[in-house]
Amino acid sequence: MKVWEGETRASMAKGLGHYSSTSGWDGNVGICGHNRGAKYNIGSIRNLEIGDNITYSTVYGTRTYAVILVKTISDSDWSYLQATADNRITMITCVAGDYSHRWCLQAREVK
């Protein structure tokens, strides 16, 4: 899926949204998307397991990340989007039927 700048409905209508407060390449890249009910959704991140790979391609290159975390978080917990010294990707989507929580996946770059 393509990633569009901004964590907005407009971005997620075209693909995934990029949290503009996070890096687009180095450090922690924050991505958001719908859970279900949209052409582009990432609700299946809840089914990924530790060690599964995610590939992220941009104009800067392509990186492969290995999943290190899949969990539900509070809808007000933004700590997983903080800058990191390592390269990682953080993906967040809502929990179906529970608007007070989000699915959060983090994956670290595979060297």
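Asp26, Arg63, Glu109 and Lys111 are linked in a network of salt bridges (a salt bridge is a side-chain nitrogen of Lys or Arg within 4 Å of a carboxyl oxygen of Asp or Glu). This is a predicted model, where local features need pLDDT of at least 70 and side-chain atom pairs count only at pLDDT 80 or more, while totals for chains, interfaces and linings use all residues. Residues are numbered from 1 along each chain as its sequence is written, and side-chain values use heavy atoms, with hydrogens and water left out.

**Salt bridges**
- By that rule, the count is five salt bridges.
- Arg63 pairs with Asp26, their closest N and O atoms being 2.8 Å apart.
- Arg63 sits in strand 5 and Asp26 in the loop between strand 2 (16-18) and strand 3, so this pair ties together parts 37 residues apart in sequence (strands are DSSP runs of E, at least two residues, numbered from the N terminus).
- Arg63 also meets Glu109 in a salt bridge (3.3 Å, N to O).
- Glu109 is in strand 7, so that pair ties together parts 46 residues apart in sequence.
- Arg63 is buried at 10% relative accessible area, whereas Asp26 is partly exposed at 48% (buried means under 20%, exposed over 50%, partly exposed in between, with a 1.4 Å probe and protein chains only).

**Cysteines**
- You'll find zero disulfides here (a disulfide is a pair of cysteine sulfur atoms within 2.5 Å).
- For Cys32, the nearest cysteine sulfur is that of Cys94, 11 Å away.
- Cys104 has its closest cysteine sulfur in Cys32, 12 Å off, which is too far for a bond.
- Cys32 is buried at 4% relative accessible area, and Cys104 is buried at 0%.

Technical notes. Helices (H or I, at least four residues) and strands (E, at least two) are DSSP runs, numbered from the N terminus.
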